[in-house]
Amino acid sequence: MTFFSQENNAVASWFFGPRGENSDFVSEFYNKIINQQVKARKYDYFPEDPLFITEATKNSKEFKANMKSLENQLDVISELLAKKTVPFWSPRYMAHMSMKASMPSNLGYVAALQYNQNNVAIEASPLTTWLEMHVGKKLCEMLGFYVHWDKNEDIYHLDNMIVTPPELLPKIRGWGHITCDGSVANLESIWAARNLKFYPLSLRLAVDDNDGPLSFIGSSFKVELANSNCKKLLKECSTWELLNLKPATVLDIPDRLFIEYGISSQFLQDALRDKYNIQTVGKDYLEKEFNITEPAVYFASATMHYSWPKGCAIVGIGSKNLIPVPVDDAARMDINKLKEKLKQCVEKRQAVYAVVAIMGSTEHGACDPLGDIIELRKEFERDHGLSFVIHADAAWGGYFRSMLVKPHKSSEKARRRPGLEEEGDAFVPLLALHPHTVKHLDSLKDCDSITVDPHKSGYVPYPAGSLCYRDQRMRYLNTWTSPVINRANEESIGIYGVEGSKPGASAVATFLSQDAIGFHQKGYGLLLGQATFSCAKIYCHWATMSTKEDNFIVTPFNMLPAENLGPDKVEEQKQEIRTLIVEKTNDQIVKSKEAMKLIKILGSDLMINTFACNFKVDGKINEDVIEANYLNQRLYEEFSLTTSKGTNKKPLILTSTQFKQEDYKHCLTNFKNRLGLKGDQDLYVLINVVMSPWVTEFEFLRKLTKKFEETLQDIVKLSVYRNKVEPDLHAFIMQGTDNLYLTHLSMFQMENHRQQVIITADLPINIKEIYLSARKANPSHVFFLGNQDEMTLDDIAYNGSSFKGVIYKDVKDGKPIELIKDFQVTNVRVLKKRHLATSFQDVNYPVDHMPFYIYGTKQELHIDHMLLKSPSIQLSADRVELTLTSGELTSTQRENGVIVHFTEVHEIVMQPFPVIKPFPQTETTPIPLPVPLPEKPEKPEKPFFFQHDRKFQVELYNDPMSDPNQSGPGLNNVDKKNPIAKGTIKLPSKDGGCLFIDSYKVNGDPTADKKVENGKIVDRQKIPTFMEFYSEKFDHKDELHWYEEEVE
């Protein structure tokens, strides 16, 4: 292994190892931790205290029984953990932002866990509180904030640290603390931004109150406006001006009040708290007092994490006031769209709490243009008097800024080892880092607050998020207790932020990991640099996996540079990538200037590859988004841990997500176009996150991607099976006793059956007599007519067609039982034949009715629910009773079918439809399906509205599509102002006719129980769920407890 051998050696010392290679060291370190714990308990703290657990106690029956029980259960849980948990340690794991924690962080966590310190208060955690504040400052420093360090401020001189007097400290300095995760850090930042926005209003109320304790400053206290270097009396500022003071201006106010008027922080807090502070009176009160009619808003990229709307809801801002900013084709915030939205705020005089830049989005690793956002704030402050907080959600991306930080010299005598000279510091970290990413990571230093998660790209155990402030005074906005300024290094960290009790172990883990690895280019920068390089290489494999000749397509979300130059240039660039990168070793890539130039412009911003797959049927690219989603969902199932079985057998582990058209807009449309897809449906995509620094070594990557390609080829066979029209067996509900009407059993997920078809046909006289006799014996029983020989639906459903038929009466042991067969069905006439492909479906369900087709003769009418959007429900009834109160239904309209709206039933409110399986009707069931049903199908918990003898108000309309073969969308676009008739429909009694209800088969996946084995589609075994599998593993109710004994 020649690729960066010295750097690889260093990285290898930071982890347990994918194969447990460093287990000897870990065991030794664990022993030291336990030995130190024993020493602390036995010798360091009042060693004269007696032993409370004696040898006699240990030899007792009760003690031994409990220890034996513990040993047994520990063996069980340890074995299950080894076999059934997610193998984060393996380079094969590329799903979530998770990897085996670094060895220093794990050891720090385990060591601190023995002492169970609570960082809510310094009295419960004197050391770990100090470590949390220390690592918070370290994080701030890595992010580019100015940090002040006291003399001897390190773990080696804790008792000799010289604290700098408060008056000598710089005003603006960074401060950070550990949270349980990024969601809580984001929530705290929202809380702080809200409080900062309303602080000037609270102060203004206190000043305007003639009897108030701060009224005396009204005639003299001035503030600097956002768009002016001049100062204006606070009491003369407009509401708009107060809402748009710069963050630094607001944070300066308490210090200025102390300097100019001697007002202490405690007095100021007391003066505002009871009557004016937003924490007490609430946002609504302040908005009412200042006549604010346009609520302030938050802006964040449309790709924001779900914690943002959740946080805005919690603090009372409201998720609707969190405005998503559209993204460009690389899923980065579109700065021009943000500018447009800010201009709208200026025009409406609508304040802005904050703009959030996502630095490493969860689903694609994209970095928003943070530097441009910072410049935009300056522009709007200067030109429009609009100011706001800038927060960076760098939960994923924050640690990547270590790639930009040069390492410190340990001493003046130290010099660099050969091959590790200073000029090479940035070489590894910046190997595959985009220039865009470098620019905007560097801009983190100009944010007001930043979320960064040590338990993500910091390789620290859960839970460990963090929030860092550029100006440490911002933390006081979220405290309920006035800090004791002259004891700043001894304050309890629990008075800030959201959390109360929290583990000191997280702070120790974060501290020890950064201390051992380092927040610089030779530490975390090196580690993340190697992982970033690996991510770029994997991107190259995804980008070049499919060729024009393949029946599958693999397309990364991040575009190849050549995609803007035309298809020919794309193929040329793919071949160049194969030649220069995919087929080369790491060492060869690094030594090639062409390869290095190319790899730097490929892939995502930060270590996440999002991609999707599509397929071809007979050389034609699938255009249906839903079918592409099915393919990608099956791939996810193969390469993820979704069941209890095979958690240690997955050769590659990926994750997935769904891109919503509403959020991604043109960005997603562009991605779908590149996949060959059409339509506005949401897209299911696959994601691989690369955190392992070893994944590209020893031809390992080629082996993984080859396995993915082989599996993709297999699953494509299932997709083709679902989407290729071939002769098959079909089934129709038999309706009517005078004329025979046939309603097709449709299936949205099978091209052979992906049509709603209603036909009428003739049976031979003797066959019809047998059918009528069976119906007379059981009028509510549903009989089905099928084609005896395999045919396509198009060969059955056309005017004048005929085919050999079979009638099914029941099913036994999973096999349909024939009533009669070997007869000819003749004189087929098509009433409705509408394709159900996604492109033919409506966008929304009917809002104020439920539509059916109604058809038949003067003596008998039948209905069938219109299948307008998937998923849907098949509702059919024969021999319904129509009573008209106005209008008429002519014989021609009956024969051809019209549309009837059940006006009292609103289809949209029924979503999702309950799962209703059509069988059994009785103890035995007629069934003519091409796929088997479960032996014990579930019944609906409650009766469905579609019941015998039920009456409904209806309106009838002519079919807007005169051609019975015309497909949607728009099949239900009737002239609602002009129904042809109104009245009621009564469903048949059990003695009068049959009902058919199915939301199971019509929406079901016929390939759910199939897999491809040796190139052939075969059945696959059902895998138990997690709950089913584990319920017995931990059921040890037969084991005796220590307080029991066995009796004869």
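## An aromatic cluster

Let's start with a group of phenylalanines: Phe852, Phe902, Phe944, Phe945, Phe946 and Phe952 come together as one aromatic cluster. Keep in mind that the model is a predicted one. Across the structure there are 33 aromatic pairs. One of them joins Phe852 and Phe946, whose rings are stacked, with 6.0 Å from centre to centre and 10 degrees between the planes.

This pair bridges distant parts of the chain, its two residues being 94 residues apart. Phe852 belongs to strand S21 (residues 850-856), while Phe946 sits in the loop between strand S24 (898-902) and strand S25 (951-957). Both Phe852 and Phe946 are buried.

## Charges over rings

The charged end of Arg722 is placed over the ring of Tyr630, 3.6 Å from its centre. For Lys138, the charged end lies over the ring of Trp149, and here the distance to the ring centre is 5.3 Å.

Next, have a look at helix H2 (residues 23-44), where you will find Gln37. Gln37 counts as buried because its relative accessibility is 7%, and the cut-off for buried is under 20%.

Which residues does Gln37 touch, leaving aside its neighbours within four places in sequence? They are Gln114 and Tyr115. With Tyr115, the Gln37 side chain also makes a side-chain polar contact of 3.2 Å.

## An annotated coiled coil

Finally, the unreviewed UniProt entry places a "coiled-coil region" at residues 53-80. In the model this span is 86% helix and 0% strand, and its end C-alpha atoms are 31 Å apart.

Technical notes. Residues numbered from 1 in each chain as written. Predicted model: local features only at pLDDT ≥ 70, side-chain atom pairs only at ≥ 80, totals over all residues. Heavy atoms only, no water. UniProt positions renumbered as here; feature names shortened; annotations may be inferred. Helix = DSSP H or I, 4+ residues; strand = E, 2+ residues; numbered from the N terminus. Phe/Tyr/Trp six-rings, centres within 6.5 Å; stacked < 30°, edge-to-face > 60°. Buried < 20%, exposed > 50% of the residue type's maximum accessible area, 1.4 Å probe, protein only. Lys NZ or Arg CZ within 6 Å of the ring centre and 35° of its normal. Polar contact = N/O pair within 3.5 Å; in protein donor to acceptor, adjacent residues only side chain to side chain. Contact = heavy atoms within 4.5 Å.
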